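Please open the structure in your viewer and keep the selection panel at hand.

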Amino acid sequence: MMRRQVPLLICFVAGIVMLSQNFIPPLTWVYQQALEWARIISAIALFIGLISLVRVHTMKLKRKAANYRYSYVTLFALCYMIIAGFLTKYGLFVKLHAGCDTGSAWEWIVTALEKALNFQEIFLNVQIPIQATMFSLLAFYIASAAFRAFKARTFEATLLLIAAMIVMLGRVPLGQMIPGVKEITVWILDVPNTAAKRGIMIGVGLGMASTSLKIMLGIERTYLGMKD
Amino acid sequence: MKFLFFLLQMDRRIVFVLVALAVVAPLIMPLNLPIVVGDKVRRLYDAIDQLPARSRPVLVSVDYDPSTVPELQPMTLAVLRHCFSKEIPVIVTTMFPTGAGLARDAMETVAKEYPNLSYGTDYAYMGYKPGYSLVILGIGENFQATYPSDGYGTPSSKLPILKNVKNYDDIAIMVDFTASAAYEVWIMFAHQKYGCKVGAGVTAVMASDAYPYLNSGQLEGLLGGLSGAAEYEKLIGAPGTATIGMDAQSIAHILIIVLIILGNVAYFATRRHREPAQTATPQQGGSA
Amino acid sequence: MTGMELFWTWVAAFLTLSIYSFLYKDNPFYKFAEHLVVGVSVGYIFTINWHQGLHPYLFNPLAASWEHPYNLLRVIPLILGLLFLLRISRKYNWLSRFTIALVMGIGCGTAIPPTIETRIIQQTKASMINIIDQPSLWAGFCAVTILVGTISTLIYFFFSKEHKGILGGTARLGIVFLMVGFGASFGYTVMARISLLIGRLNFLINDWVIGTWNFIAG
């Protein structure tokens with residue numbers, strides 16, 4: 001009962017109340033409260049990522065799994081970032097600077113530490129380069145894949161290939177210099193592309209609405225880890 | 001025929017080198033190809049441009065993470081520069097925790113160029129708030145309850161720009177920059193539920209999916225990928241990294257089109273000369 | 001460029017090249033950068049969420065609950081949030097169901113009306129336009145094409161009846177529209193990937209190589 005029915009009942013009641021507030025004005029207060037609560041829950045829920053990461057990497061270190069030494073890098077980076085974030089936020093360096101004599105060795109150390117632990121700089125110069133470069137690798141793979149696998153074997157594939165090549169040409173200055181390419185690109189995007197994406201969008205919309213209803217009514221319950 | 005067989009069995013690293021050269025060469029020797037502004041970009045530009053100085057603020061949401069910075073940061077900067085140059089108040093926010101640093105960096109970069117404008121009065125950085133769609137809905141109910149403080153920790157009540165901002169009624173237009181379907185959530189809640197005008201700047205991957213919303217008028221305008229950013233840079237007369245990149249983009253696209261054509265020519269011309277088994281799998285090597 | 005800026009530029013360049021070294025083959029530099037970014041990213045998210053999420057939503061209001069007792073209500077989502085964290089416990093993970101159920105209920109209830117309005121009603125309305133009102137014959141043709149394309153695409157995804165006869169023909173037309181749509185998506189996807197590469201190579205050439213040269217040259 002507690003493990004199965006109660007969660008389903010909570011979901012149903014919450015869903016019905018949220019749905020009804022669109023039509024019953026006195027429920028607006030409940031709606032606003034629910035939004036606030038759900039935002040707090042979302043903030044706490046983010047801790048799960050941190051806990052999982054620490055668990056996975058400490059386990060790897062304990063078991064001396066393959067490439068376990070790199071887990072030290074992850075855990076060190078995690079701690080470094082958290083320490084940097086808290087020191088920057090709570091103004092520790094401002095306080096340390098205030099206690100230093102101008103030009104002293106101590107001031108130099110504090111300044112160096114402050115710069116090495118600059119939360120925003122680490123984000124801009126470590127996280128952005130790595131993540132952006134990882135995704136940019138896809139440029140090489142998409143070019144290679146297009147060369148190797150993009151073949152006009154059937155009518156449908158030919159259609160896809162022609163549309164792709166026109167759009168590729170029509171979205172860059174060099175291609176736009178070819179007469180008519182820009183106009184055809186705009187037409188492809190505005191008309192057949194819009195029609196196809198609209199069809200998909202309506203289908204997905206119907207699917208989303210029906211799935212939401214199924215969740216509220218307890219028909220769909222896999223999200224709770226229940227199979228039936 | 002030998003060349004065609006060579007093409008079919010070519011090491012993928014040769015393609016990698018060609019792609020790298022196609023991008024590097026125009027970056028070193030720019031071609032300065034002309035940028036043609038499309039109507040989707042102009043629509044967003046006009047929607048912002050017609051706002052009077054010191055009007056209701058524009059809400060800019062930086063809903064992307066570092067992986068798509070090269071595409072989306074130039075358009076965020078271009079739209080911010082447009083607003084700052086016209087002295088239109090701007091509120092910058094993000095629904096992604098990793099977008100917080102990017103939003104702050106974009107706002108601070110542009111703010112440095114306009115020392116006549118002051119923080120809190122002309123622009124504000126509200127930072128990240130957890131909950132995604134719940135935050136978007138929350139703004140419609142009560143802005144200050146959703147954002148009790150800005151991204152630096154200053155209470156919202158102390159920011160003059162927010163004095164008259166109660167909900168979406170007090171926002172002139174919101175522009176979402178995203179690499180995900182976040183712009184659809186803004187349309188669904190901010191536009192459809194609360195009637196706020198929504199514009200979007202999306203990665204090229206997402207751009208074609210947004211066209212139905214443009215056609216239905218649910219989106220005010222759209223910047224799609226680096227070309228969208230370059231077009232906006234042209235409209236505001238401030239060429240930036242997107243404009244620089246468009247030459248390389250042109251050459252790389254031409255290279256990929258040539259590669260596709262060569263791949264097809266080689267495949268079909270050698271079809272009869274290959275064994276049936278080879279026809280099914282014409283290439284050697286692992287993944288693409 | 002200051003000395004500190006140059007230092008950070010070199011850090012970013014080293015990490016960029018470490019990732020690109022994967023193009024040749026997997027190696028320790030790539031693995032180092034890969035593991036580094038996971039730690040940095042989670043640390044960053046945790047810290048931002050703590051300062052910009054939990055502080056204004058939870059800690060500050062609870063600290064002020066002496067003046068505003070109403071704020072004490074926030075203890076309820078705090079407990080629900082902590083219950084959610086039990087998801088990682090084998091023994092007590094069922095307790096997280098209460099929180100998940102509440103959030104799902106709120107999410108579904110709030111999403112249904114705007115989803116129907118945004119994705120179904122407004123999109124259908126945009127397809128059903130008066131052809132006579134169109135500014136030109138071409139605009140009318142385009143409007144009809146969008147209508148036909150939308151209907152045929154929807155019919156292609158309608159699997160409750162066998163695709164034969166008129167239904168089959170319309171579904172086939174739907175495939176044509178879908179292929180053109182997917183082609184447009186592919187063309188744009190190529191553009192997106194190349195843009196990311198341009199961004200990084202632009203950094204290496206202009207910020208790193210030329211920046212360092214300018215710093216040395218004074």
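The stops below cover a helix pair, a chain interface and a nonpolar core in this predicted model.

Select helix α3 (residues 47-63) of chain A together with helix α2 (residues 28-63) of chain C; their axes lie 9 Å apart and the helices pack at an angle of about 150 degrees. Because angles over 145 degrees count as roughly antiparallel, α3(A) is roughly antiparallel to α2(C). The crossing of α3(A) and α2(C) is left-handed. Next, display the side chains that form this contact: Gly49(A), Leu50(A) and Leu53(A) from α3(A), and Val38(C), Val42(C), Ile45(C) and Phe46(C) from α2(C). By class, six residues of this contact are nonpolar, one is polar and none is charged.

**Stop two: the contact between chains B and C**

Now select chains B and C, whose contact takes 45 residues from chain B and 37 residues from chain C. On the side of chain B that touches chain C, the elements supplying at least two residues each include α2 (12-28), α4 (69-85), β3 (123-128) and α12 (241-269). Of these, α12(B) gives the most, with eight residues. This side of chain B has 25 nonpolar, 17 polar and three charged residues.

**Stop three: the largest nonpolar core**

Which residues have the most contacts inside the largest nonpolar core? They are Ala143(A), Leu80(B), Trp186(B) and Ala210(B), in a core of 206 residues. Helix α6 (residues 165-217) of chain C provides the largest share of this core, 19 residues.

Finally, centre the view on Ala210(B). Leaving aside neighbours within four places in sequence, Ala210(B) is in contact with Tyr183(B), Ala200(B), Val202(B), Leu219(B) and Leu222(B).

Conventions
Residues numbered from 1 in each chain as written. Chains lettered and ligands numbered in written order. Predicted model: local features only at pLDDT ≥ 70, side-chain atom pairs only at ≥ 80, totals over all residues. Axes fitted to C-alpha atoms, helices over the stretch in contact; angles between N-to-C directions. Helix = DSSP H or I, 4+ residues; strand = E, 2+ residues; numbered from the N terminus. Parallel < 35°, antiparallel > 145°, perpendicular 65-115°, else oblique. Left-handed = near helix turned anticlockwise from the far one by under 90°. Contact = placed C-beta atoms within 7 Å. Nonpolar A, V, L, I, M, F, W, Y, C, P; charged D, E, K, R; others polar. Core = buried A, V, L, I, M, F, W, Y, C linked by C-beta atoms within 7 Å. Buried ≥ 20, exposed ≤ 12 C-beta atoms within 10 Å, placed from the backbone.
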